[in-house]
Amino acid sequence: MRVLVITGSTRPVRVGDQLTEQVVRIAKEAGLDDVDVADLRDVALPLLDEPQMAATRVYLNEHTRAWSARVNSADAVVLISPQYNFGYPAGLKNAIDYLFAEWRGKPGLLVSYGARGGIQSYDQLAQVLRFVGLVLDPLGVQLVLPRDAYSEHGTLIDPAVVVEPYADELRAAFVRLADAVGADATPDSPVAVPAGAIEAGDRVVTAFNAHDPVAFADAFAGDGWFTDVLRHRAATNAEIEELHRFAFAGPLAQASLEVTGRRSRLLSSTAAVLELDWTSTGHAGADGDVAQRRGVLALVVSKNVPSGRWEVVSGINNDYTHAYSADPLGRAPERPV
Ligand SMILES: Cc1cc2nc3c(=O)[nH]c(=O)nc-3n(C[C@H](O)[C@H](O)[C@H](O)COP(=O)(O)O)c2cc1C
């Protein structure tokens, strides 16, 4: 399996080549030994100068034919992109626009970097790459470059130290990339929700069952939102903790929750939605105790860059115990179990 690794930065003084070296080292450790590094500074494509659109595959220039052959010969593509002004470098877009069908159907992995992982660069570039048909790894890797990692000359003092915290993530991504080459993936293949996102939902449930308001609030982002089954609203981490300090000392003191069903969907490399079906016992409700209640907890979770931790940014809990009214779609009404 041949992997084309594209260095997206072309500046005379840069870190992109240093990061590429580390990423390639880890790719080889993961078993990908046929790696072709295309440093766009050396590829030196002029600003797109083909008279016809790439979709026609009519290439007049030798540099276009050479670039086309190079991308064509790869089974998978890894792009390493910095973040410039909330976007990705123009040179990278130029190199993409030179071709079209060459990208289509190839498994791809995007590695972005910047002060906060280059997340905007990542999201914008991912959109472009998906459009040209690269079958992009759903997670990618976002490398956070701390200010003190740079020397006074503008390069990284020790690129291996900067990349080390991401080594496992990169290795796992390369394994997925190799699997995708074997699997004949299509641009529409469903994407798995990462374990960290699922765990963010589980932290809420574990804290609920431990009746621990601090742990409950800690599963949320600092500015996370939560609405409980009685429509109490909390708009910050501190309010979520306060709401549950009251609830766990009172109406939920005996409550115990069991997750009976899960649904999840990845929305971007850093956002997912989860739905947790639950049944519970021990709720003391304003409308009298009910032996067993049921509902669904809807969560929006987001990956915090740079910490890498998935957190709940919005949670809405719904109690279906008393939802007896007729379903407008004519389905069987919900009843207490
Ligand atoms: C034109 C330009 C714009 C930048 N804008 C951002 C930015 O929006 N966000 C960020 O985190 N870093 C930004 N940076 C810092 C870069 O991420 C950092 O300089 C990085 O080393 C650039 O990669 P390179 O050295 O491989 O070119 C910017 C750098 C440049 C040169």
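**Ligand site, domain contact and salt bridges**

Around the ligand stand 14 residues, the closest being Ser 9, Tyr 84, Asn 85, Tyr 113 and Tyr 150, where a residue counts as near a molecule or strand if one of its heavy atoms lies within 4 Å of it. This is a predicted model, in which local features need pLDDT of at least 70 and side-chain atom pairs count only at pLDDT 80 or more, while totals for chains, interfaces and linings use all residues. Residues are numbered from 1 along each chain as its sequence is written, and side-chain values use heavy atoms, with hydrogens and water left out.

A polar side-chain atom of Tyr 113 lies 2.6 Å from a ligand oxygen, and an N or O atom in the side chain of Arg 11 is 2.8 Å from an oxygen atom of the ligand.

Turning to the chain as a whole, the protein is divided into domain 1 (2-183) and domain 2 (195-319), with bounds that come from an automatic or database domain assignment. The centres of the two domains, taken over C-alpha atoms, are separated by 38 Å. Ten residues from domain 1 and six residues from domain 2 take part in the contact, which means heavy atoms within 4.5 Å.

The size of an interface is often given as the accessible area lost when the parts come together. Between domain 1 and domain 2 the buried area is about 680 Å², with 57% of it given by carbon and sulfur atoms; this is the accessible area (1.4 Å probe) that two parts lose on being put together, summed over both.

One salt bridge is counted between the domains, the term requiring a side-chain nitrogen of Lys or Arg within 4 Å of a carboxyl oxygen of Asp or Glu. Glu 169 and Lys 303 form a salt bridge in which the closest N and O atoms are 3.7 Å apart.

Over the whole structure, a search finds 19 salt bridges. One of them joins Arg 70 to Asp 36, with the closest N and O atoms 2.9 Å apart. Because Arg 70 lies in helix α3 (residues 62-72) and Asp 36 in strand β2 (residues 34-39), this pair ties together parts that are 34 residues apart in sequence. Helices (H or I, at least four residues) and strands (E, at least two) are DSSP runs, numbered from the N terminus.

Definitions and conventions:
Polar contact = N/O pair within 3.5 Å; in protein donor to acceptor, adjacent residues only side chain to side chain.
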